[in-house]
Amino acid sequence: MKVWIFFVLLVAGHAMAAPEPEVGTNPVQVEVGDFDEAIDVEEETVEDIVDNPCLNYHCKKGKVCEVDEGNTPMCVCQDPSTCPPADAEFEHVCGTDNKTYDSSCHFFATKCALEGTKKGHKLHLDYIGPCKYIETCLDSELNEFPLRMRDWLKNVLVTLYERDEDNNLLTEKQKLRVKKIYENEKRLQAGDHSLDLLAHDFEKNYNMYIFPVHWQFGQLDQHPVDGYLTHTELAPLRAPLIPMEHCTTRFFEECDSDSDKYIALEEWASCFGLKEQDVDKDLII
Ligand SMILES: [Ca+2]
Ligand SMILES: [Ca+2]
């Protein structure tokens with residue numbers, strides 16, 4: 001799973017700005033783990049575990065393992081000063097408190113220290129890079145966002161399919177779905193298309209967009225897999241996109257149409273223009 005999203009992030013650099021996806025040119029090459037508050041799993045040998053109970057004990061982002069007097073491991077908040085210093089500006093992250101943090105490590109350590117407080121509950125990693133002025137997203141621009149995003153998702157999938165000889169970027173079932181899109185002669189080729197053309201294509205080739213929209217949801221809905229996206233689950237897509245696409249925040253905010261802080265599959269599909277009858281949990285494979 002991680003690999004897929006990582007790949008998508010690489011492609012995300014070009015994102016919707018230049019629809020021809022290329023790998024490796026994104027300055028924001030961040031693994032999804034950087035936003036992932038879930039537990040990291042690492043393998044250690046039995047001897048290591050006996051020596052140090054922390055070696056096989058996993059803590060979520062912002063926490064580190066320590067042992068108590070009884071040599072029992074536990075997770076405690078990481079002191080931000082123990083985070084490795086950032087080597088470059090793109091390692092900085094901007095929090096929803098509009099403060100720039102040196103790195104995602106510094107951010108999550110700070111968030112951990114605020115655990116249990118209202119401030120801590122509201123604090124999320126907003127985007128990659130130092131905080132900057134982000135233009136207000138106008139209504140007219142907001143409508144353009146899903147047009148480009150859908151086209152981009154489709155192109156990402158087609159690119160994954162083309163490159164997927166033996167590196168299993170897609171499962172067999174996913175490949176079958178994408179194959180249909182890939183082989184469809186009417187498919188709009190990746191390129192810098194006008195919004196009119198994108199809108200026209202969505203109307204004409206609507207069916208080609210159904211799977212990509214579901215696929216992206218499935219990529220993000222991982223912690224836990226429950227048909228809802230939390231702010232944290234959305235972060236791998238949102239965080240690199242916000243500095244490049246100023247409507248990102250507003251788009252995902254409004255996507256949560258019942259304002260319960262979760263984006264349900266139905267809400268997701270609807271904000272990408274899919275019809276209610278085309279929302280299908282079984283497409284998330
Ligand atoms: Ca979820
Ligand atoms: Ca919701």
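I looked up the largest pocket, and its volume comes out at about 1,100 Å³. I note that the model is a predicted one.

Next I sorted the pocket lining by element. Two or more lining residues come from each of β3 (93-95), α3 (104-113), α4 (118-122), β5 (125-128), α9 (231-241) and α10 (248-255). By domain, I find at least three lining residues from domain 1 (46-128) and at least three from domain 2 (134-283). By residue class, I count 13 nonpolar, 15 polar and 15 charged in the lining of the largest pocket.

I turned to a helix pair. What is the crossing angle of the axes of α5 and α7? For helix α5 (residues 139-163) and helix α7 (residues 195-204) I get roughly 65°, with the axes coming within 10 Å. Angles of 65 to 115 degrees count as roughly perpendicular, so I log α5 and α7 as roughly perpendicular to each other. The hand of the α5 and α7 crossing is left.

Last, I checked the backbone. Most peptide bonds are trans, and most residues other than glycine have a negative phi. I list two exceptions below.

- The peptide bond from histidine 223 to proline 224 is cis, and I read its omega as near 0°. I place proline 224 in the loop that runs between α8 (207-220) and β6 (228-229).
- Asparagine 71 is not a glycine, yet I find a positive phi of about 60° there. I locate asparagine 71 in the loop between β1 (63-67) and β2 (73-77).

Conventions. Residues numbered from 1 in each chain as written. Chains lettered and ligands numbered in written order. Predicted model: local features only at pLDDT ≥ 70, side-chain atom pairs only at ≥ 80, totals over all residues. Heavy atoms only, no water. 1 Å grid on protein atoms, 1.4 Å probe; cavity = no way out; pocket = protein on both sides within 12 Å on 5 of 7 lines; lining within 4 Å. Points joined across faces, edges and corners; volume = space filled by probe spheres on them. Helix = DSSP H or I, 4+ residues; strand = E, 2+ residues; numbered from the N terminus. Nonpolar A, V, L, I, M, F, W, Y, C, P; charged D, E, K, R; others polar. Domains from an automatic or database assignment. Axes fitted to C-alpha atoms, helices over the stretch in contact; angles between N-to-C directions. Parallel < 35°, antiparallel > 145°, perpendicular 65-115°, else oblique. Left-handed = near helix turned anticlockwise from the far one by under 90°.
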